[in-house]
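User: I have a model open and would like to learn how to read it. Can we take it feature by feature?

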Amino acid sequence: MNILAITWDWSAFDSLAISIGVIGILVVFLALLFLAGIFYLLPVILDIKVKNIFKKSKPTDVVEDTTKVNGEVCAAISAALDLYFNDLHDPESNVLTINNKEVKRLSPWSDKHQFLNQKIN
């Protein structure tokens, strides 16, 4: 019975290949740590900028809305909008009719399957 043994041959790797591999792994992990730090600090940085923007803009005077619209005006506006949007489209029957009685003409290009089943003498 032969059992295949997997062996690791370190002689195939020279010092340059090992150093390139280690440096590549380190670069990838450092880049991931850098990106994780950026994503961790991004909300903090944006929150600081938003707070500074709101601190700089001080509300001067609060203007109260003095225009009051009574119920009759609202009803007239809503009725006009309803009439306008209902007149945009004509009423449709919402019935589809499918005609399957149409005869399809076959051309020599479309009925090749009829000639392929014939025996050639």
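Analyst: Start with confidence: pLDDT is the predictor's confidence in each residue, from 0 to 100. Helices (H or I, at least four residues) and strands (E, at least two) are DSSP runs, numbered from the N terminus. This is a predicted model, in which local features need pLDDT of at least 70, side-chain atom pairs count only at pLDDT 80 or more, and totals for chains, interfaces and linings use all residues. Residues are numbered from 1 along each chain as its sequence is written, and side-chain values use heavy atoms, with hydrogens and water left out.

User: Where in the chain is confidence lowest, and where highest?

Analyst: H3 is lowest, with a mean of 62, and H2 is highest, at 88. The chain average is 77, and 66% of the residues score at least 70.

User: How many helices and strands does the chain have?

Analyst: Three helices and zero strands. The pattern along the sequence is α-α-α.

User: How do I read burial?

Analyst: Buried means under 20% relative accessible area, exposed over 50%, partly exposed in between (1.4 Å probe, protein chains only). Here 1% of the 121 residues count as buried. Ile18, in helix H1 (residues 15-56), has a relative accessible area of 37%, so Ile18 is partly exposed. Beyond neighbours within four places in sequence, Ile18 contacts Trp10 and Phe13 (heavy atoms within 4.5 Å).

User: And aromatic pairs?

Analyst: A pair of aromatic rings is described by the distance of the centres and the angle of the planes. Rings of Phe, Tyr and Trp (its six-membered ring) pair if their centres lie within 6.5 Å; planes under 30 degrees apart count as stacked, over 60 as edge-to-face and the rest as tilted. The whole structure holds one aromatic pair. Tyr84 and Phe85 have ring centres 5.3 Å apart and planes at 65°, so this pair is edge-to-face.

User: Where is Leu88 found?

Analyst: Leu88 lies in the loop between helix H2 (71-86) and helix H3 (112-116). Its relative accessibility is 46%, so Leu88 counts as partly exposed.
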